[in-house]
Amino acid sequence: MPKALYFMPDISGFTNFVNTTEVEHSIHIIAELLELLIDNNTIDLQLVEVEGDALFMYTTTIPTYQQLINQVKVMLESFHRLTKEYETKRICDCGSCKTTIDLDLKFLVHYGELSMIKVKNIIKPYGKEVIEIHQLLKNQISVNEYVLFTTNTVVLFQNEMGVKWLKNSQEKATNELKYSYKILDKIKINIEKEVEKEAIKNDDITQPDVIINKTFDADIHNIFAYISELKYRHIWDKEIQRIDFDHDKVNRVGTEHNCVLKFGNLKFETIKKPSKDSLIYGERTKEMFFLKKFYYLIKLHKIDEHTTQLTLSLFLDYNILGKIMKKEIVKKVSKMWERKLTNLHKVSKNNLVKIIT
């Protein structure tokens, strides 16, 4: 009978993440993380199925110990680069986005016989080997990030494993499952430091060309959702016909979308500016006529539960022809944004679309 290496990356903290945070964004985030793990497959792993917060995978091409450990490292590093981005590039203030940084990743590895079951057109591994690795998803390891080897896996790689592995066992209804595990406690810390150094630095946006202040009779979180959730943009921004963007990803710094206008289109990139007491959202483009680049920031400050102070800052970097037409451009852009904000006020005040905050 053929042999296989069974491999399961499992996201720690997933249950609490879904139970206590906004469902829509949590679905996008978990899906993005699982897709990232699948894309970082270096040892010919075959995906059997997605099991909520975990991937069940296997390979009949048995890797070396070093190849297996490198696979774990590659997946864990890519996982934490993305979770850290949800902190450094986050523009959404919902619970899902704020707590993504708290998610962890563990790995379970088992070696054994490969039996397959076919139901209709579905063929996948089946039997006691599959049961064993799934039984160990719930174990007594007190840390959140580790790689666990079952007894069979330890026997396979025992001459290469070294001394940093800890031993444990778990009583089940019919047997005792023994395993060894290695704590992965440094990778997350190192990646977080690395990402912080690589964090995107926005352009100098300290001196806007235009500032528009408005007081909105609406909840600050509703307004921010209408601004930052691209699926709501068409409701209040009547300058555009539609926005093309990835509906399966959460908008954050660096996210790009395409605004389709009556004549032509403009590609925008999401930006932000740090603030302790306000919500800030912005975008920039290099595709506007007469400008080398254009960007805006909308700052929302809560007055009370139903009143919000909005400050719009517009930044215009003119090309040679634009400098000649500067006054006309400022006038036109200002009027355009006055219309946008008037519509935004009506939409957010009347809450035309149910926003969950």
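User: Is His110 buried or exposed?
Analyst: This is a predicted model, where local features need pLDDT of at least 70, side-chain atom pairs count only at pLDDT 80 or more, and totals for chains, interfaces and linings use all residues. Residues are numbered from 1 along each chain as its sequence is written, and side-chain values use heavy atoms, with hydrogens and water left out. Buried means under 20% relative accessible area, exposed over 50%, and partly exposed in between (1.4 Å probe, protein chains only). His110 has a relative accessible area of 0%, so this residue is buried.

User: Which side chain does the side chain of His110 join in a polar contact, and at how many Å?
Analyst: A polar contact is a pair of N or O atoms within 3.5 Å; within protein, one must be able to donate a hydrogen and the other to accept it, and residues adjacent in sequence count only if both atoms are side-chain atoms. His110 lies in strand S4 (residues 104-113); strands (E, at least two residues) are DSSP runs, numbered from the N terminus. The partner of the His110 side chain, at 2.6 Å, is that of Glu129.

User: How does Leu47 count by accessibility?
Analyst: Leu47 is in strand S2 (residues 46-51). Its relative accessibility is 39%, so Leu47 counts as partly exposed.

User: Which residue in S9 is the bridge partner of Asn168?
Analyst: Strand S8 (residues 166-171) and S9 run antiparallel and are joined by six bridges. Two strands pair if DSSP finds at least two bridges between them. In S9, Asn168 has as its bridge partner Tyr179.

How values were computed
Helices (H or I, at least four residues) and strands (E, at least two) are DSSP runs, numbered from the N terminus.
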